[in-house]
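Have the sequence and the 3D view open as you read.

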Amino acid sequence: MRSGYHQLRVREQDIPKTAFRTRYGHYELQVMPFRLTNVPAVFMDLMNQVCKPYLDRFETVFIDDILIYSKDEKEHEEHLKAILELLKKEQLYAKFSKCEFWIPKVQFLSHVIDSKGIHVDPAKIECIKDWASPKTPTEIRQFLGLAGYYRKFIEGFSKIAKSMMKLTQKGIKFD
């Protein structure tokens with residue numbers, strides 16, 4: 001018998017049951033670690049509670065991925081020390097063979113994180129720019145759903161989207 005990491009494929013109709021919400025969006029798992037249920041949501045909640053003092057200041061957490069971003073190496077050293085001390089205090093330990101340090105730029109959940117902060121992945125911007133013109137209210141909703149995810153990165157997004165939102169209302173003629 002082989003030991004190690006096992007995954008169990010989730011039945012299509014059960015995927016919504018694996019759903020959990022994070023500060024970065026709504027996720028549904030298609031595979032689940034063997035013998036574990038609801039672990040991602042519970043662990044994500046724990047990590048959000050533990051890391052709360054630093055979240056979105058210089059740290060981002062998604063399940064068991066902790067990203068620390070800083071303006072320069074000295075600041076990064078301070079941030080890294082603060083996070084490691086916080087984890088130690090809470091008796092949470094990292095497997096250092098799975099850690100990467102001093103990476104100048106990383107892609108994470110459709111975002112790029114670097115010394116200047118969190119940015120939209122340029123590939124996602126191209127996807128939005130290349131989207132075919134919506135021809136129905138449903139297609140407008142789909143487009144706004146995708147684009148709306150990035151609203152905090154688009155200045156004046158609500159004003160830009162307002163005329164499109166009106167076209168999704170009942171009784172408004174789509175033209």
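## Salt bridges, cores and a surface patch

Start with Lys 129, which counts as exposed, since its relative accessibility is 59%. Keep in mind that this is a predicted model. The side chain of Lys 129 meets that of Glu 126 in a salt bridge, at 3.4 Å from N to O. The two residues sit 3 apart in helix 3 (residues 122–129), so about one helical turn separates them. Glu 126 is partly exposed, because its relative accessibility is 37%.

How many salt bridges does the count come to? The count is 2. The other one to look at joins Lys 74 and Glu 78, again through their side chains, at 3.3 Å from N to O. Both of these residues belong to helix 2, where they lie 4 residues apart, or about one turn of the helix.

| Residue | Relative accessibility | Class |
|---|---|---|
| Lys 74 | 61% | exposed |
| Glu 78 | 44% | partly exposed |
| Glu 126 | 37% | partly exposed |
| Lys 129 | 59% | exposed |

Now for the inside. The largest nonpolar core has 14 residues, and the ones that touch the most other members are Met 47, Val 50, Cys 51, Tyr 54, Ile 83 and Leu 87. Which of the helices gives the most? That's helix 2, with 5 residues.

Setting aside neighbours within four places in sequence, Met 47 is in contact with Val 61, Ile 63, Ile 66, Leu 87 and Leu 92. Apart from this core lies another, made of 9 residues, with Val 120, Ile 140, Ala 147 and Ala 161 among them.

On to the rings. The count of aromatic pairs comes to 3. One of them is Tyr 54 with Phe 58: the centres are 4.8 Å apart and the planes meet at 40°, so this pair is tilted. Are these two residues buried or exposed? Tyr 54 is buried, and Phe 58 is buried too. Phe 96 and Phe 101 make up a stacked pair, with 6.1 Å from centre to centre and 25° between the planes.

Phe 101 is partly exposed, because its relative accessibility is 35%. Phe 96 and Phe 101 also turn up in a nonpolar patch on the surface, along with Leu 84 and Trp 102; together the four have about 390 Å² of accessible area. Trp 102 is in the loop between helix 2 (73–89) and strand 7 (105–108). With a relative accessible area of 44%, Trp 102 is partly exposed.

Gln 91, in the loop between helix 2 and strand 7, has a positive phi of about 60° although it isn't a glycine. Gln 91 is exposed, with a relative accessible area of 61%.

Asp 56 also deserves a look: its phi is positive, at about 65°, and it isn't a glycine either. You'll find Asp 56 in the loop between helix 1 and strand 5 (59–62). Asp 56 counts as partly exposed, because its relative accessibility is 41%.

How values were computed:
Residues are numbered from 1 along each chain as its sequence is written. This is a predicted model: local features need pLDDT of at least 70, side-chain atom pairs count only at pLDDT 80 or more; totals for chains, interfaces and linings use all residues. Side-chain values use heavy atoms; hydrogens and water are left out. Patches are made of residues with over 30% relative accessible area and no salt bridge: like charges are joined within 9 Å, nonpolar side chains (Val, Leu, Ile, Met, Phe, Trp, Tyr) within 5 Å. Accessible areas come from the Shrake-Rupley method with a 1.4 Å probe; for residues, only the protein chains shown count as cover. Buried means under 20% relative accessible area, exposed over 50%, partly exposed in between (1.4 Å probe, protein chains only). Rings of Phe, Tyr and Trp (its six-membered ring) pair if their centres lie within 6.5 Å; planes under 30 degrees apart count as stacked, over 60 as edge-to-face and the rest as tilted. A nonpolar core is a set of buried Ala, Val, Leu, Ile, Met, Phe, Trp, Tyr and Cys residues joined through side-chain atoms within 4.5 Å. Contact means heavy atoms within 4.5 Å.
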